[in-house]
Amino acid sequence: DKAEAAKWYRAAAEQGHARAQFKLGVCFDEGEGIVEDKAEAAKWYRAAAEQGHTRAQFYLGACFADGEGVAEDKAEAAKWYRAAAEQGHARAQFKLGVCFDEGEGIVEDKAEAAKWYRAAAEQGHARAQFKLGVCF
């Protein structure tokens with residue numbers, strides 16, 4: 001029962017439980033057991049991200065990149081992608097590589113792009129493997 005899950009995630013999230021904050025963010029993001037609300041999703045992702053929750057950092061970066069629930073802010077997206085990337089999150093490493101490759105929210109730096117593509121590629125991320133190949 002998704003509504004019941006969302007109720008209990010909220011109870012734990014309101015007490016500062018990072019994983020529950022992330023899961024509640026997902027519930028709001030996808031309308032699972034609760035009315036979809038992108039701003040609430042971003043709020044809960046941020047709460048978890050600020051506690052170092054890797055996936056929440058990645059999801060918050062995506063919110064800022066796409067303007068979902070927050071104003072679009074490519075620099076803020078790159079900041080949160082970096083936070084997750086530095087913890088080994090492959091998709092965040094790829095997205096940070098793209099930020100450096102295209103100068104989105106961060107100064108363009110092809111060497112840094114290749115570094116982050118490589119980090120994701122070494123974890124089996126196919127798009128990063130392709131982009132890394134393009135770097136050569």
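**Entry 1: a starting residue**

Does Lys79 count as buried, partly exposed or exposed, and at what relative accessibility? I looked up Lys79 and found 45% relative accessibility, so I noted it as partly exposed, where buried means under 20% relative accessible area, exposed means over 50%, and partly exposed lies in between (1.4 Å probe, protein chains only). Lys79 has its place in helix α5, and I noted that its C-alpha is 8.7 Å from that of Leu96, which is 17 residues away in sequence.

Before going on, I wrote down that this is a predicted model, in which local features need pLDDT of at least 70 and side-chain atom pairs count only at pLDDT 80 or more, while totals for chains, interfaces and linings use all residues. I also wrote down that residues are numbered from 1 along each chain as its sequence is written, and that side-chain values use heavy atoms, with hydrogens and water left out.

**Entry 2: the whole chain**

I looked up the secondary structure and found eight helices and zero strands in the chain, where helices (H or I, at least four residues) and strands (E, at least two) are DSSP runs, numbered from the N terminus. The radius of gyration of the chain is 16 Å, close to the 14 Å that the globule rule gives for 136 residues, so the chain is as compact as a globular protein of that length. For my own record, this radius is taken over C-alpha atoms, and the globule rule is 2.2 Å times the number of residues to the power 0.38.

I then noted that the C-alpha atoms fill a box of roughly 50 × 30 × 20 Å along the principal axes, and that 40% of the 136 residues count as buried. The accessible surface of the chain comes to about 7,000 Å², with 49% of it belonging to carbon and sulfur atoms; such areas come from the Shrake-Rupley method with a 1.4 Å probe, and for residues only the protein chains shown count as cover.

**Entry 3: aromatic rings**

How many aromatic pairs does the structure hold? I found six aromatic pairs, where rings of Phe, Tyr and Trp (its six-membered ring) pair if their centres lie within 6.5 Å, and planes under 30 degrees apart count as stacked, over 60 as edge-to-face and the rest as tilted. Phe58 is buried, with a relative accessible area of 7%, and ring pairs link Phe58 with Phe22, Tyr45, Tyr59 and Tyr81 into a cluster.

I looked next at Phe94 and Tyr117, whose ring centres are 5.9 Å apart with planes at 35°, so this pair is tilted. The pair links distant parts of the chain, since Phe94 belongs to helix α6 (residues 90-102) and Tyr117 to helix α7 (residues 110-121), 23 residues apart. Phe94 counts as buried at 4% relative accessibility, and Tyr117 is buried too, with a relative accessible area of 0%.

**Entry 4: Cys63 and Glu68**

Which residues is Cys63 in contact with, leaving aside its neighbours within four places in sequence? I listed Ala42, Tyr45, Glu68 and Val70, with contact meaning heavy atoms within 4.5 Å. Cys63 has its place in helix α4 and is buried, with a relative accessible area of 6%.

Glu68 is found in the loop between α4 and α5 (74-85), and at 33% relative accessibility Glu68 counts as partly exposed. Not counting residues up to four places away in sequence, Glu68 touches Lys38, Ala42 and Cys63; the C-alpha atoms of Glu68 and Ala42 are separated by 7.7 Å, although these residues are 26 apart along the chain.

Where does His53 have its place? I found His53 in the loop between α3 (38-49) and α4 (54-66), and I noted that His53 is buried, with a relative accessible area of 17%. Residues up to four places away in sequence aside, His53 touches Ala18, Arg19, Phe22 and Ala48.

Leaving aside neighbours within four places in sequence, Ala6 is in contact with Leu24, Cys27, Glu32, Gly33 and Ile34. I also looked up Ala6 and Arg82, which are 76 residues apart in sequence and 29 Å apart in space, C-alpha to C-alpha.
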